[in-house]
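Subject: Structure handover

Hello,

Please read them alongside the model.

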Amino acid sequence: VMVGEDEEEGEEVVWSAECQRVTPAAVCAGTLEMRAAGGKVTELSFRAAPLEEQNLSCRDHPGELQALVDRPLSFPLASVFEVHARRYLLRPTALELFFSDHRPPILLNFPADAKAARLAYEKLLQAKRAAGGKMRLHYFSDPARRLRQSKLTDDWVHRRISNFDYLQALNTFAGRSLNDLTQYPVFPWVLRDYTSPELDLSDPASFRDFAKPIGAQSAKQEAKFRERYASWCDPETPAFHFGTHYSTPGYVLWYLTRIEPYTTWAVHLQGGRFDCPDRLFSSVGECFQNCTTTMNDVKELTPEWFYLPHFLRNDCAHDLGVDQKGRPVENVALPPWANGSAETFIRVHRDALESDFVSEHIHLWIDLIFGVKQRGTAAADA
C-alpha cells in the first residue's frame, strides 16, 4: 500500500495494492490504484507491470498479455455498481467489478492472501460511500444470503425475469465469470430431440430429464455410473460416479472455436494449431449423443447456445481440416428442425429454454449444479 502523487495527471494516489488482472487468455500482474481529487476518490486504475516483470505461464497467450500491458485501464469510481467476491485457483482472493456504463466486468486477483482481497473490497466501499454513491450489490462472503436478499428468485418464480436471466444470475452468484475459463458460466442441455424435422415444444419427450445429470439420461447409462460408484475400492480415492466435469476450459474453447477471441485461445491451447478435425465440435446431434451414451463425456452447455448463432458457423473461413471420412469441417451440423439455419436453431433453442416444460422442471437441474444436490448423500442419490 502506498500514497503518492501522480504528477502526470495531477491526481493524488491515495491507496494502491498489487494484484493481477485475470482474463480468459492471460493473467497480468500490476497495481490497482485509487486516485483522488479534492479529497475524494474519483477514479480507479490498473497499472500493468512491464512485460519483462510478468510471470508468463504456458496458459498465457503472449499476444493477449502484451495487449494487457500496453493498454491502460482506468474507470470512474461512480461507474462501479457491483463488487462480487470471487475464488481464483480455488482461493478466495479475487474480486469482480461490474459497471453501470456497459463496459465489461473485470476480475482482479490479490495473490498475497484473502486479507488483501478483503482490504481492497473495504476500500472500494469506503470510497464509494465517501463520494456519496451506492452499490447496487456487493458482498465478500455468503453469496447465497445475498441471492436471497436480492429477491431474484421471487422475480423468476413470478416470471418477471426469464429463465435465461435467472440462470445467468445464478452463475454470477456462484462465482462463475466470463473472465475465467476455469469457472465459465454453465447452462443445461435442454432438449433431447435432435433428429425430428419439426420440434414439438409441447411434448415432454422433446426435453432432457432435468432431475438427472446429462450423463445419466438413460437407465442404461445411469446403471453404469452407479455400478462404478458401488464397486469402487481404492482406499486413497473416494468413490465417484463421473470421472470428468460438466464444464472445463477445454470444453468452452471446444464449443466456441469458430469465433474470436476463442479461436485464438483454442489454437494457443493446442500448441499453435487447431485440434485434429475429428475431435472438433462439428455436430449438435452427435455432441448430445456422445454426452448421453459414453462415460467420459458429460459436458453441459455455455450461454452462447441460447443467443449467439455465430459460434455455429465458420464465418471466418478457418481451415479446420478434413475428417477421416473425407468431409471438410466447416459449419456445425444442425438438427433437421433448424432447417440449416444457425439463427433458427438459436431462436428455437431459446424458445425451448423459456417453454412451460422447462420453467416447471429447470429447478431440478439448478439443484444439481448450484443447490442441495451438489455434494454429499443428495448428490450420490441423484
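A pocket is an open set of points on a 1 Å grid over the protein atoms alone, where a 1.4 Å probe fits and protein lies on both sides within 12 Å along at least five of seven lines; lining residues have an atom within 4 Å of a point. The model is predicted, so local features need pLDDT of at least 70 and side-chain atom pairs pLDDT 80 or more, while totals for chains, interfaces and linings use all residues. Residues are numbered from 1 along each chain as its sequence is written, and side-chain values use heavy atoms, without hydrogens and water.

The pocket

The second largest pocket is lined by 25 residues, with Glu82, Phe98, Pro105, Gln168 and Thr172 nearest its centre. Two or more lining residues come from each of β6 (80–88), β7 (91–99) and α5 (163–173), and α5 gives the most, five. Helices (H or I, at least four residues) and strands (E, at least two) are DSSP runs numbered from the N terminus. The lining has 12 nonpolar, six polar and seven charged residues; here Ala, Val, Leu, Ile, Met, Phe, Trp, Tyr, Cys and Pro are nonpolar, Asp, Glu, Lys and Arg charged, and the others, Gly among them, polar.

The cysteines

A disulfide is a pair of cysteine sulfur atoms within 2.5 Å, and the count by this rule is zero. The sulfur of Cys28 is too far for a bond, because the closest cysteine sulfur, in Cys19, is 9.1 Å away. For Cys276 the closest is in Cys287, at 18 Å, also too far.

Regards
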